[in-house]
Amino acid sequence: MMKTYGGFLMSRIRHLSGRVGETLLKECGVEVFNGAQGRILYVLWEHGSMTITRLGQLTSLAKTTLTSMLDRMEAGGLARRIPDRENRRQIFIEATEKAHEYREKYDWISDRMSEIFYRGFSDDEITAFENQLRKIIQNLENEGA
């Protein structure tokens with residue numbers, strides 16, 4: 001089998017993009033949430049209120065990690081937990097109005113990150129690359145990751 005570097009390269013990309021993302025957040029004056037919390041907010045902005053289980057699926061964050069992040073986000077006024085009236089054990093998570101005030105800045109940061117990511121790529125290269133990433137995700141999901 002040939003030696004591959006995909007996992008290492010993806011890890012480096014994640015680390016470097018996190019650093020660049022944090023810098024962009026600071027440059028935009030967004031100090032109330034970090035990059036990982038921004039990912040949670042993005043999912044809530046896009047999909048609305050949802051259970052913590054669904055939020056974990058869409059963010060790929062473990063329930064324990066998500067719970068502690070949501071505690072901090074709730075304390076910061078960015079998210080709230082809403083008990084289900086039908087099932088007391090079920091809790092829904094939603095973004096607050098305060099969190100919605102940051103959507104425009106977050107979208108600008110996201111667009112800027114895409115410009116940085118794909119500098120020098122053609123549209124066809126971007127499409128092919130993202131399809132390959134989806135295939136890797138599917139392979140990992142099929143393994144139960």
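## Basis

Residues are numbered from 1 along each chain as its sequence is written. In this predicted model, local features need pLDDT of at least 70 and side-chain atom pairs count only at pLDDT 80 or more, while totals for chains, interfaces and linings use all residues; side-chain values use heavy atoms, without hydrogens and water.

## Helices H1 and H6

Helix H1 covers residues 6-27 and helix H6 covers residues 103-117 (helices are DSSP runs of H or I, at least four residues, numbered from the N terminus). Their axes come within 10 Å and cross at roughly 140 degrees (axes are lines fitted to C-alpha atoms over the stretch in contact, with angles from 0 to 180 degrees between N-to-C directions).

On the H1 side, Ser-17, Val-20, Gly-21, Leu-24 and Leu-25 meet residues of H6, including Trp-108, Arg-112 and Phe-117 (contact means heavy atoms within 4.5 Å). By class, this contact has eight nonpolar, two polar and one charged residues (Ala, Val, Leu, Ile, Met, Phe, Trp, Tyr, Cys and Pro are nonpolar, Asp, Glu, Lys and Arg charged, the others polar).

## The largest pocket

The lining of the largest pocket has 37 residues, and Arg-14, Ser-17, Arg-39, Phe-117 and Ile-137 lie nearest its centre (a pocket is an open set of points on a 1 Å grid where a 1.4 Å probe fits, with protein on both sides within 12 Å along at least five of seven lines; lining residues have an atom within 4 Å of a point). H7 gives the most to this lining, with nine residues. The lining divides into 20 nonpolar, 11 polar and six charged residues.

Conventions: Helix = DSSP H or I, 4+ residues; strand = E, 2+ residues; numbered from the N terminus.
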